[in-house]
Amino acid sequence: MSILQRVITCPICHLPLAEVPQRCDTCLDYFRNELEKAPSSLIDLTPDAVQRQIEGNAAETKPLRTELFRSPIISFFYERILPPIWAMGLRNLGGIDVEFQQCTEFFGEDPEIVVDISCGTGIMARRLALLGKYEQIIALDYSESMLAQLQQQMKLDGISPSQITIIRGDVEALPLASDSVDAIYAGAAMHCWPNAEAGIRNIYQVLRKGGKLFATTFLKPLPSIVFRFFTVDELRQILLTTGFHLDHVQVEAHGLYGIIRCVK
Ligand SMILES: C[S@@+](CC[C@H](N)C(=O)[O-])C[C@H]1O[C@@H](n2cnc3c(N)ncnc32)[C@H](O)[C@@H]1O
(Lines give C-alpha, C1' and ligand atoms only; values in the text may rest on other atoms or scores of the structure.)
Protein backbone atom coordinates (compact mmCIF):
# COMPACT_ATOMS: atom_id res chain seq x y z
CA MET A 1 0.00 0.00 0.00
CA SER A 2 1.39 3.45 -0.90
CA ILE A 3 1.83 6.18 1.71
CA LEU A 4 -1.13 8.08 0.28
CA GLN A 5 -3.40 5.04 0.33
CA ARG A 6 -2.49 4.59 3.98
CA VAL A 7 -2.73 8.22 5.09
CA ILE A 8 -5.57 9.81 3.13
CA THR A 9 -9.05 8.89 4.31
CA CYS A 10 -12.57 9.60 3.24
CA PRO A 11 -13.78 12.64 5.22
CA ILE A 12 -17.16 11.00 5.80
CA CYS A 13 -16.35 7.43 6.85
CA HIS A 14 -12.71 8.08 7.84
CA LEU A 15 -11.48 4.94 6.16
CA PRO A 16 -8.35 4.87 4.01
CA LEU A 17 -8.55 3.96 0.33
CA ALA A 18 -7.56 0.36 0.88
CA GLU A 19 -10.78 -0.22 2.84
CA VAL A 20 -13.14 1.77 0.64
CA PRO A 21 -15.82 1.12 -0.49
CA GLN A 22 -16.41 -2.19 1.28
CA ARG A 23 -17.56 -0.68 4.55
CA CYS A 24 -18.55 2.72 3.18
CA ASP A 25 -22.10 3.10 1.93
CA THR A 26 -22.23 6.89 2.26
CA CYS A 27 -19.49 8.16 0.03
CA LEU A 28 -19.73 5.40 -2.62
CA ASP A 29 -17.20 5.93 -5.38
CA TYR A 30 -16.66 9.65 -4.85
CA PHE A 31 -13.59 9.21 -2.68
CA ARG A 32 -11.97 6.64 -4.98
CA ASN A 33 -12.56 8.83 -8.05
CA GLU A 34 -11.12 11.90 -6.33
CA LEU A 35 -8.01 10.02 -5.26
CA GLU A 36 -7.41 8.87 -8.82
CA LYS A 37 -6.97 12.54 -9.81
CA ALA A 38 -3.87 12.86 -7.58
CA PRO A 39 -1.14 13.89 -8.09
CA SER A 40 -1.90 15.74 -11.33
CA SER A 41 -4.78 17.77 -9.93
CA LEU A 42 -6.12 18.68 -6.53
CA ILE A 43 -8.56 16.36 -4.82
CA ASP A 44 -11.60 17.73 -3.03
CA LEU A 45 -12.10 15.86 0.22
CA THR A 46 -14.25 18.36 2.07
CA PRO A 47 -17.30 16.61 3.57
CA ASP A 48 -19.34 19.29 1.85
CA ALA A 49 -18.13 18.28 -1.61
CA VAL A 50 -18.74 14.61 -0.92
CA GLN A 51 -22.28 15.22 0.39
CA ARG A 52 -23.08 17.57 -2.48
CA GLN A 53 -22.02 14.99 -5.04
CA ILE A 54 -24.03 12.22 -3.39
CA GLU A 55 -27.08 13.98 -2.03
CA GLY A 56 -27.12 17.24 -3.99
CA ASN A 57 -26.99 19.32 -0.78
CA ALA A 58 -26.52 23.08 -0.98
CA ALA A 59 -22.95 24.26 -0.41
CA GLU A 60 -22.04 24.88 3.22
CA THR A 61 -21.08 28.42 4.23
CA LYS A 62 -18.33 28.90 6.80
CA PRO A 63 -17.67 32.03 8.88
CA LEU A 64 -16.24 35.06 7.08
CA ARG A 65 -12.73 34.40 8.46
CA THR A 66 -12.70 31.16 6.48
CA GLU A 67 -14.78 32.17 3.43
CA LEU A 68 -12.64 35.30 2.84
CA PHE A 69 -9.79 33.19 1.50
CA ARG A 70 -12.00 31.54 -1.12
CA SER A 71 -12.12 34.85 -2.97
CA PRO A 72 -9.92 34.72 -6.10
CA ILE A 73 -8.90 38.35 -5.45
CA ILE A 74 -7.61 37.64 -1.93
CA SER A 75 -5.87 34.50 -3.17
CA PHE A 76 -4.26 36.32 -6.08
CA PHE A 77 -2.87 39.11 -3.94
CA TYR A 78 -2.08 37.09 -0.80
CA GLU A 79 1.50 36.14 -1.62
CA ARG A 80 2.11 39.06 -3.94
CA ILE A 81 1.58 41.59 -1.13
CA LEU A 82 2.07 40.07 2.32
CA PRO A 83 5.60 38.54 2.51
CA PRO A 84 7.53 41.86 2.65
CA ILE A 85 5.11 43.18 5.30
CA TRP A 86 5.54 40.00 7.36
CA ALA A 87 9.33 40.24 7.07
CA MET A 88 9.28 43.66 8.72
CA GLY A 89 8.33 41.91 11.96
CA LEU A 90 4.61 41.16 11.84
CA ARG A 91 5.40 37.51 11.28
CA ASN A 92 8.80 37.01 12.93
CA LEU A 93 11.59 39.39 12.11
CA GLY A 94 12.62 38.02 8.73
CA GLY A 95 9.18 36.65 7.80
CA ILE A 96 8.55 33.32 6.18
CA ASP A 97 12.24 32.44 5.67
CA VAL A 98 12.86 32.62 9.41
CA GLU A 99 9.68 30.62 10.01
CA PHE A 100 10.87 27.97 7.53
CA GLN A 101 14.15 27.68 9.42
CA GLN A 102 12.39 27.42 12.82
CA CYS A 103 9.92 24.87 11.50
CA THR A 104 12.47 22.55 9.82
CA GLU A 105 14.77 22.75 12.84
CA PHE A 106 11.86 21.69 15.07
CA PHE A 107 10.81 18.87 12.72
CA GLY A 108 14.38 17.50 12.74
CA GLU A 109 15.61 14.68 10.51
CA ASP A 110 12.87 12.11 11.16
CA PRO A 111 9.70 13.09 9.35
CA GLU A 112 8.61 11.05 6.40
CA ILE A 113 5.09 12.42 6.03
CA VAL A 114 4.67 16.18 6.49
CA VAL A 115 1.33 17.98 6.14
CA ASP A 116 0.94 21.73 5.65
CA ILE A 117 -2.57 22.34 7.02
CA SER A 118 -4.23 25.55 5.84
CA CYS A 119 -1.36 25.80 3.38
CA GLY A 120 -2.92 28.73 1.48
CA THR A 121 -0.76 29.37 -1.60
CA GLY A 122 1.77 26.88 -0.26
CA ILE A 123 4.33 29.41 0.85
CA MET A 124 5.72 26.81 3.30
CA ALA A 125 4.75 23.59 1.49
CA ARG A 126 6.77 24.69 -1.56
CA ARG A 127 9.83 25.45 0.58
CA LEU A 128 9.49 22.05 2.26
CA ALA A 129 9.25 20.36 -1.15
CA LEU A 130 12.31 22.20 -2.50
CA LEU A 131 14.28 21.07 0.56
CA GLY A 132 13.88 17.53 -0.82
CA LYS A 133 14.16 15.91 2.61
CA TYR A 134 10.70 14.50 3.19
CA GLU A 135 9.19 11.42 1.56
CA GLN A 136 5.65 12.80 1.26
CA ILE A 137 4.35 16.35 1.50
CA ILE A 138 0.61 16.97 1.64
CA ALA A 139 -0.75 20.51 1.31
CA LEU A 140 -4.33 20.95 2.51
CA ASP A 141 -6.56 24.02 2.52
CA TYR A 142 -10.28 24.80 2.47
CA SER A 143 -9.95 27.43 -0.25
CA GLU A 144 -9.93 26.19 -3.82
CA SER A 145 -8.58 29.56 -5.04
CA MET A 146 -5.61 29.49 -2.64
CA LEU A 147 -4.88 25.97 -3.90
CA ALA A 148 -5.13 27.13 -7.53
CA GLN A 149 -2.45 29.73 -6.74
CA LEU A 150 -0.34 26.99 -5.17
CA GLN A 151 -0.57 24.94 -8.35
CA GLN A 152 0.49 27.89 -10.51
CA GLN A 153 3.34 28.74 -8.19
CA MET A 154 4.56 25.12 -8.18
CA LYS A 155 4.94 25.32 -11.96
CA LEU A 156 6.95 28.55 -11.65
CA ASP A 157 9.14 27.05 -8.91
CA GLY A 158 9.72 23.87 -10.95
CA ILE A 159 8.01 21.63 -8.38
CA SER A 160 6.37 18.59 -9.97
CA PRO A 161 2.83 17.50 -8.91
CA SER A 162 4.29 14.31 -7.45
CA GLN A 163 6.27 16.36 -4.91
CA ILE A 164 3.19 17.84 -3.21
CA THR A 165 -0.19 16.12 -2.91
CA ILE A 166 -2.82 18.86 -2.87
CA ILE A 167 -6.06 18.32 -0.99
CA ARG A 168 -9.01 20.60 -0.57
CA GLY A 169 -10.00 19.73 2.95
CA ASP A 170 -11.45 21.08 6.16
CA VAL A 171 -9.40 21.09 9.35
CA GLU A 172 -12.67 20.30 11.11
CA ALA A 173 -12.99 17.02 9.20
CA LEU A 174 -9.44 16.11 8.27
CA PRO A 175 -9.32 13.41 5.60
CA LEU A 176 -6.25 11.86 7.22
CA ALA A 177 -5.88 8.62 9.16
CA SER A 178 -5.41 8.64 12.95
CA ASP A 179 -1.82 8.34 14.18
CA SER A 180 -0.44 8.52 10.64
CA VAL A 181 1.42 11.83 10.20
CA ASP A 182 4.96 12.65 11.39
CA ALA A 183 4.85 16.45 11.30
CA ILE A 184 2.28 19.18 10.75
CA TYR A 185 2.80 22.83 9.93
CA ALA A 186 -0.17 25.20 10.32
CA GLY A 187 1.13 28.70 9.61
CA ALA A 188 -0.90 31.82 10.35
CA ALA A 189 -3.97 29.64 10.37
CA MET A 190 -5.74 29.09 13.70
CA HIS A 191 -7.24 32.59 13.76
CA CYS A 192 -8.94 31.78 10.43
CA TRP A 193 -10.53 28.47 11.43
CA PRO A 194 -14.23 28.35 12.32
CA ASN A 195 -13.37 26.43 15.49
CA ALA A 196 -9.72 26.36 16.61
CA GLU A 197 -10.40 23.76 19.32
CA ALA A 198 -11.87 21.31 16.79
CA GLY A 199 -8.96 21.92 14.40
CA ILE A 200 -6.28 21.24 17.01
CA ARG A 201 -8.17 18.19 18.29
CA ASN A 202 -8.13 16.74 14.77
CA ILE A 203 -4.45 17.56 14.33
CA TYR A 204 -3.68 15.75 17.60
CA GLN A 205 -5.66 12.77 16.34
CA VAL A 206 -3.81 12.41 13.02
CA LEU A 207 -0.31 12.93 14.43
CA ARG A 208 1.50 9.71 15.30
CA LYS A 209 2.95 9.34 18.80
CA GLY A 210 6.06 11.54 18.84
CA GLY A 211 4.69 13.50 15.86
CA LYS A 212 5.26 17.27 15.86
CA LEU A 213 3.08 20.33 15.36
CA PHE A 214 4.57 23.72 14.45
CA ALA A 215 1.78 26.30 14.29
CA THR A 216 1.62 30.07 14.24
CA THR A 217 -1.17 32.58 14.71
CA PHE A 218 -1.79 36.18 15.69
CA LEU A 219 -2.39 37.39 19.24
CA LYS A 220 -4.52 39.79 21.26
CA PRO A 221 -4.79 42.72 21.71
CA LEU A 222 -5.56 42.46 17.96
CA PRO A 223 -9.37 42.68 18.04
CA SER A 224 -11.39 39.57 17.18
CA ILE A 225 -13.77 41.21 14.71
CA VAL A 226 -13.41 38.95 11.70
CA PHE A 227 -10.59 36.70 12.87
CA ARG A 228 -10.35 35.07 16.30
CA PHE A 229 -7.18 36.16 18.05
CA PHE A 230 -5.77 34.51 21.17
CA THR A 231 -3.68 35.14 24.25
CA VAL A 232 -0.73 32.84 24.90
CA ASP A 233 -2.67 31.30 27.79
CA GLU A 234 -5.70 30.65 25.59
CA LEU A 235 -3.50 28.90 23.04
CA ARG A 236 -1.87 26.79 25.73
CA GLN A 237 -5.31 25.89 27.10
CA ILE A 238 -6.56 24.81 23.68
CA LEU A 239 -3.51 22.58 23.20
CA LEU A 240 -3.82 21.00 26.63
CA THR A 241 -7.57 20.35 26.40
CA THR A 242 -7.25 18.76 22.97
CA GLY A 243 -4.75 16.14 24.07
CA PHE A 244 -1.19 17.53 24.15
CA HIS A 245 0.70 17.02 27.40
CA LEU A 246 1.95 20.01 29.39
CA ASP A 247 5.57 18.83 29.10
CA HIS A 248 5.36 18.81 25.30
CA VAL A 249 3.69 22.14 24.68
CA GLN A 250 5.58 25.36 24.04
CA VAL A 251 3.87 28.64 23.14
CA GLU A 252 5.93 31.79 22.55
CA ALA A 253 4.84 35.34 21.83
CA HIS A 254 6.90 37.41 19.42
CA GLY A 255 5.02 40.69 19.58
CA LEU A 256 1.62 39.97 18.08
CA TYR A 257 2.75 36.65 16.66
CA GLY A 258 2.29 33.39 18.55
CA ILE A 259 4.50 30.37 17.82
CA ILE A 260 3.47 26.90 18.95
CA ARG A 261 5.69 23.85 19.13
CA CYS A 262 4.10 20.60 20.36
CA VAL A 263 4.99 16.94 20.38
CA LYS A 264 2.27 14.28 20.70
C1 LIG B 1 -3.81 33.47 6.59
S2 LIG B 1 -3.91 32.08 5.54
C3 LIG B 1 -2.39 31.24 5.90
C4 LIG B 1 -1.81 30.58 4.67
C5 LIG B 1 -0.43 29.96 4.86
N6 LIG B 1 -0.45 28.87 5.79
C7 LIG B 1 0.59 30.96 5.30
O8 LIG B 1 1.40 30.63 6.17
O9 LIG B 1 0.63 32.06 4.76
C10 LIG B 1 -5.11 31.08 6.36
C11 LIG B 1 -5.55 29.87 5.55
O12 LIG B 1 -6.43 29.08 6.36
C13 LIG B 1 -7.35 28.46 5.49
N14 LIG B 1 -8.51 27.95 6.24
C15 LIG B 1 -9.48 28.68 6.86
N16 LIG B 1 -10.39 27.84 7.39
C17 LIG B 1 -10.00 26.57 7.12
C18 LIG B 1 -10.55 25.28 7.39
N19 LIG B 1 -11.70 25.13 8.04
N20 LIG B 1 -9.86 24.20 6.97
C21 LIG B 1 -8.70 24.34 6.30
N22 LIG B 1 -8.14 25.53 5.99
C23 LIG B 1 -8.78 26.64 6.39
C24 LIG B 1 -7.69 29.57 4.52
O25 LIG B 1 -8.27 29.09 3.34
C26 LIG B 1 -6.33 30.23 4.30
O27 LIG B 1 -5.68 29.73 3.17
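1. Two strands pair here if DSSP finds at least two bridges between them. Helices (H or I, at least four residues) and strands (E, at least two) are DSSP runs, numbered from the N terminus. With that in hand, β7 and strand β8 (residues 207-218) pair in the parallel sense, with five bridges. Tyr185 has Phe214 as its bridge partner in β8.

2. A word on the model before going on. It is a predicted one, where local features need pLDDT of at least 70 and side-chain atom pairs count only at pLDDT 80 or more, while totals for chains, interfaces and linings use all residues. Residues are numbered from 1 along each chain as its sequence is written, and side-chain values use heavy atoms, with hydrogens and water left out.

3. Back to β7, which spans residues 181-186. Six of its six residues are buried, where buried means under 20% relative accessible area, exposed over 50% and partly exposed in between (1.4 Å probe, protein chains only). β7 also pairs with strand β4 (residues 113-117), in the parallel sense over three bridges. There, Asp116 stands opposite Tyr185.

4. Lys212 stands opposite Val263 of β10. Strand β10 (residues 257-263) has six of its seven residues buried, so it is largely enclosed by the rest of the structure. Strand β9 (residues 249-254) runs antiparallel to β10 too, over six bridges, with Glu252 opposite Ile259. The β9-β10 hairpin has two residues between the strands, and Gly255 takes a positive phi near 65° in it.

5. Now the ligand. Which residues come nearest, of the 22 around it? They are Tyr78, Arg91, Ser118, Asp141 and Gly187; being near means that a heavy atom of the residue lies within 4 Å. For polar contacts (N or O pairs within 3.5 Å; within protein, one atom must be able to donate a hydrogen and the other to accept it, and residues adjacent in sequence count only if both atoms are side-chain atoms), Asp141 puts a polar side-chain atom 2.6 Å from a ligand oxygen atom. Asp170 has a side-chain N or O atom 2.9 Å from a ligand nitrogen atom, and for Thr66 the distance from a polar side-chain atom to a ligand nitrogen atom is 3.1 Å.

6. Some backbone geometry to look at. Most residues other than glycine have a negative phi, and most peptide bonds are trans. Ser118, in the loop between β4 and α7 (125-131), has a positive phi near 60°. Asn92 has phi near 70° and sits in strand β3 (residues 92-93); at 3% relative accessibility, Asn92 counts as buried. The peptide bond from Lys220 to Pro221 is cis, with omega near 15°, and Pro221 is in the loop between β8 and α10 (232-241).

7. Last, the record. The unreviewed UniProt entry annotates residues 115-214 as "domain: Methyltransferase type"; such annotations may be inferred rather than shown by experiment, with positions given in the numbering used here and feature names shortened. Over that range the chain is 32% helix and 28% strand, with the end C-alpha atoms 11 Å apart.
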